[in-house]
Each structure stands twice: as C-alpha cells, then as structure tokens.
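Take a look at the model below.

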There are 2 protein chains.
Amino acid sequence: MKKYGVIGTGAIGGYYGGKLARSGQDVHFLFHSDYDYVKEHGLQVDSCDGSFHLDQVNAYSNTADMPPCDVVLVCLKTTNNHLLKELLPPLLTPNTVVVLIQNGIGVEADVQQMFPETAIVAGLAFICSAKTEPGRVNHQFYGSINLGNYSCQDDVRLHSILDDFKNAGVEAALVSYDEARWKKAVWNMPFNGMTVALNTQTNKLLQNPSTRRLIHDLMLEVIHAAQHLGVSNLDELFAEKMLQTTDEMTPYSPSMKLDYEFHRPMEIHYIYSRPLEMMRNAGFHAPKLEMLEEMLRFVAPSSPSQPPQGEEKPSGW
Amino acid sequence: MKKYGVIGTGAIGGYYGGKLARSGQDVHFLFHSDYDYVKEHGLQVDSCDGSFHLDQVNAYSNTADMPPCDVVLVCLKTTNNHLLKELLPPLLTPNTVVVLIQNGIGVEADVQQMFPETAIVAGLAFICSAKTEPGRVNHQFYGSINLGNYSCQDDVRLHSILDDFKNAGVEAALVSYDEARWKKAVWNMPFNGMTVALNTQTNKLLQNPSTRRLIHDLMLEVIHAAQHLGVSNLDELFAEKMLQTTDEMTPYSPSMKLDYEFHRPMEIHYIYSRPLEMMRNAGFHAPKLEMLEEMLRFVAPSSPSQPPQGEEKPSGW
C-alpha cells in the first residue's frame, strides 16, 4: 500500500483519488471550500461505471498538515500552478513521484524547474466529470488515464503506480511522454479555444463545413509543429482520426469552455501561449493557433481572479 | 444637369442621392418599403453637416418605371448584387456610368461581367450614416466619396460626375481604382470581421494588446496580398496609419457588425471570400484572414433571408 496525496480535490482529483482510496490505497486529499463538508459527510462519487461513497476521508485544508507521500497527484487547474511552490514541499520525499494530471504543454518542464530533484510524470486524463456540489463528484463518461514518464528514473515505481490505477478499476497505460502530450494537444488546442471564441460546442463546429475545415487546419498546425519539435509517431492522419472520434462523441464542452461559462480563469497559458512559445523558439510559425490565442486573450477577463485552490467544478479535456 | 438614378435608397443612397438632388440634379430614387412614405412625405436627411428635406422626390418602387440615366449610383448591399441583372437594364444607355458605392473587392469585375459594355466606376464612401425610420437618413460623421475608375473611357464625364458631387457639397476625389479598393480593404477586412467574431467595437479591439497585434497582423496580410497582386503605393506603414486613425475615431461598429446586430445578411462574399479567392489564385496565402472568414461563415445565419432590396438601416465602412 502506498501513501497518495491529492492536491486539488475537484472533478479530476476527487474521481481518481476516490477510486484509489476505495481500492484500499492510503489517500490524503487537499480540499479548499469543501473541507468541512467532506470531513463530516465524506466524499460521494457518482459514476457511470458504478457510484460509491467514502465515509472516512483523509481530508486536509492545508498541505503543511499532510504526510509525506509516495505519489502526489496534482489535479489543480494550471492557472494555479504558481501555488505549487508552497503546496508541494510538505508532501515530498526523495522518492516521491509527482503526477501532473493537468492540461497543456510545458507543465512538467516548469514544475521540474521548481523542484529539480523530484520525479515527475505526466497524467493524461480522458474523462468527463464534474463537481456540481460540495463533496460530490459526477463522473459522466470515459475515465482512463495515461501516464507519460517525464523524469522518473525508477521504472519499477512507475509500473507500480500504473498497477495501482488498474487495481482501482481505472483503465491506465504507459505512453511516450512527448507523443502523448502533443497528441492530446491536437484535440485540445483547436477545440478548447474554438468553443470559447465562437461560444459553441464540438458538434456544431464539426457540422459547419467552414469551421470543420478550420478545426482540421488547426489540428494540422499542431501536428506539423510537433513534428518540427521532433515528436515521433504523429502524422496528418491523426487529425482525421480526431475528427472522426469527435464526430462520434455527444456534443461536448471542453474544459476551457466550462471555465469560460463558469467565469473561472481559462488555461490559456499552458494550452496556447506556452506551446506557441516553444514553436516560435524552434522557428515554427502557427498563424491560426496564434490568432486563436489572441482572440482568447481578448475574451478572457482582464484581471482574472484566482479561484480558491481545489475549487473545481466541471472538468474535462 | 444630369439624370441620376439611385438603386437602393438607404443610409448611403439616401445621403448621396439626397445631396445631389438638393443641389439641383435630376435624381430618381428606387425605394422598397419606404416607397409609399416618401411619395407622401418626401425624404429627410438629418446631417451633421446641415440637415435638409426634399419635398418632391422622384420615387419609384420598380426600376422598370425609371427613366434611362446618365449616372446610376448602386447603393445596395453586395448581398443583393444578384438582383442587378434585372434592376439595372431599364436605367442603362450606351453612355450611362454606373458607380458602385459598395463594400469589398471584386464587385466591379463581377458587375462588369453582367454588363460588358457599361462604364463602371468604384465609389468609396467614407461615411457613417444610418436609416433608422422610413424616409429619414441620419448622417453622423465623415461623408466624403472617392471615385476609382474601373472601365469608364470618357474622362470628361468622369470629371463632371466628380464636379456634381463637389457642387452638392460632398468632398470627392478621383483615386487609383486598385489602390483605393485595397486601401479600404486594409481597414475593412480586419475590423468588419473581428467586431463580429468577438462581438465588440473598434476601440476595444485596439485597447487590448493581443487583439491590437492581431488587427495589425490582419492588416499586414491584406497589404502583402495587395503588393503580391501588383497594387502600388501600399506599404506596411499604411497599417500603422490605419491603427492611429482608428484610435482617434469614436468607438465604431463597422457595417458588417451592424448587419450582424440587425440580423441582416453579412457581406462575407465581397469583403472576404472574393479577395481571398483572388489571393489564392495568385499563390498568396493569408491564414489569419482565412480563419476569420471561416469563423464568420459559422456565425452567419445558415440560410440568410435576403432582405428587401433598398431596405438598409445603418451603414458604414
């Protein structure tokens, strides 16, 4: 049994942490506004794969009170990543593996810079879940997680984390770090921003021939950029595949669209600015992604109020 | 004295035609829904440069009833240009000059194809006027018109039309056709679409550093395209000048934004698709303008109802 820490117990952290706790792992959860509620009533996970309730939750309102952990799942929105410098240290040992279950490109590099000695793994969640009331996560569909090794030297530990997820009933796989992050970006970069910019959902963007072509072009910009940056196993066919996959999904609002609707800060930095900066630095020009970022900067509230940490409502890709 | 015909007596046609009529020209106006009202009450022009009322208006509801004219001012929205094939012939003589006071790129070429023998001149209106009630034009600011010769062989007639405008108190000048159309596009292509796509006004786009950069980039795409197409006297400095000019304007909704707000068809074809097609055919790639067009095609009503001809409300650049 390992000691798990969950930083940011919202729709994502509550689901994966909850599944691990139910499977018998020793999981310690950081809460913000839900702390008192969960301390008294426990954590409810309503799930399309089987709902469950955790009566006794190791709940904290402050990481200083949390024990050192073998694995820390960081499930904050990346707009709160500046808080990690203070939040993470109490949980870290020389052997701790930090799994960043977050959106975007470049998060691992930036967290690594804050904690140069720490083993970092990317967690790519394919899930649609929401936290609509205190202490209650609503898992609607999907639910798998892919782990991409960024800087963990210990393969045995990595595989054992993977096994923990599997034993908890979570579909999990090891994937190539760069390839996985960029493949996710092929979907994330077009759909997150375009659903916000045009205030719509995935299906409507694909039904209109003009925006379908635009989504495809944006996907190709991501793919060509990734190829330019040396990412392998990613070619133009992947764009067709993503279009098809999305055609088959129910109408969907990506995480940035939900953030926009709920007046929360949008993850423009890690979903757009950071990868666009990497592209520019490598001499690659992505005009349409650039334009989308600029439009999002216009749409975003001019002085985004940082939401309370751990306070997540619906989350998704 | 010349016989003038005005096709589309809205905010533009009512203003310029009204000024010409007041100065003593013999002007014949095509009306649609305002016909009965104007027949009875005349035409009122409320103008920042001096208001006036025309008691007796040569009003028509059908061009078949109109006399052959020396000059025809076409002031329809370009979304109605398919109607010209039927509307224009009754007014044309072998010597008629048709002035297209319309937005966009390519209108002259397309109308010329319908009427290969007719002398065509571009009218570039720099005006903000609106038609907010029947028989009443509200001219708010600016008001000049530039004429760009497209296919008029008779210089004397062209200059005499110019003089008619001047005598009517309208600031008017002869300009180089290509240069003038493309210079106007440098402003029109960024601002018309962006105010619609982001549902905003010119000043807000320029106050936000991200969209200011984007507007500048879009202007540069138009300028580089024009240069590629052989248009002279247009360089990158013109973009700076347009930004400055717009900074000095009051918050402004371009004509496409007004069309969008009033649920009228937008002039996407002649402001975007047609020039983008010209660029593509010349091997020039304008990714951001292309993206803007695709977003506008999404925002536009899927089956735009053609508004009654001549039924214009506020109009502008």
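**Core, contact and packing**

Of the 194 residues in the largest nonpolar core, Val74(A), Val99(A), Val74(B) and Val99(B) touch the most other members. A nonpolar core is a set of buried Ala, Val, Leu, Ile, Met, Phe, Trp, Tyr and Cys residues joined through C-beta atoms within 7 Å. Buried means that 20 or more other C-beta atoms, placed from the backbone, lie within 10 Å of a residue's own. This is a predicted model: local features need pLDDT of at least 70, side-chain atom pairs count only at pLDDT 80 or more, and totals for chains, interfaces and linings use all residues. Residues are numbered from 1 along each chain as its sequence is written, while chains are lettered from A and ligands numbered from 1 in the order in which they are written.

**Around Val74(B)**
- Leaving aside neighbours within four places in sequence, Val74(B) is in contact (C-beta atoms, placed from the backbone, within 7 Å) with residues including Ile7(B), Leu84(B) and Val99(B).

**Where the chains touch**
- 14 residues of chain B are in contact with 14 residues of chain A.
- On the chain B side, helix 8 (209-228) and helix 12 (287-299) are the elements that give two or more residues. Helices are DSSP runs (H or I, at least four residues), numbered from the N terminus.
- Helix 12 of chain B gives the largest share, eight residues.

**Helix 6 against helix 8 in chain B**
- Helix 6 (residues 177-197) of chain B packs against helix 8 of chain B at about 145°, with axes 9 Å apart. Axes are lines fitted to C-alpha atoms over the stretch in contact, and angles run from 0 to 180 degrees between N-to-C directions.
- Among the residues that meet are Trp182(B) in helix 6 of chain B and Ile215(B) in helix 8 of chain B.

How values were computed:
A residue is buried if 20 or more other C-beta atoms lie within 10 Å of its own, exposed if 12 or fewer, and partly exposed in between; C-beta atoms are placed from the backbone. Two residues are in contact if their C-beta atoms, placed from the backbone, lie within 7 Å.
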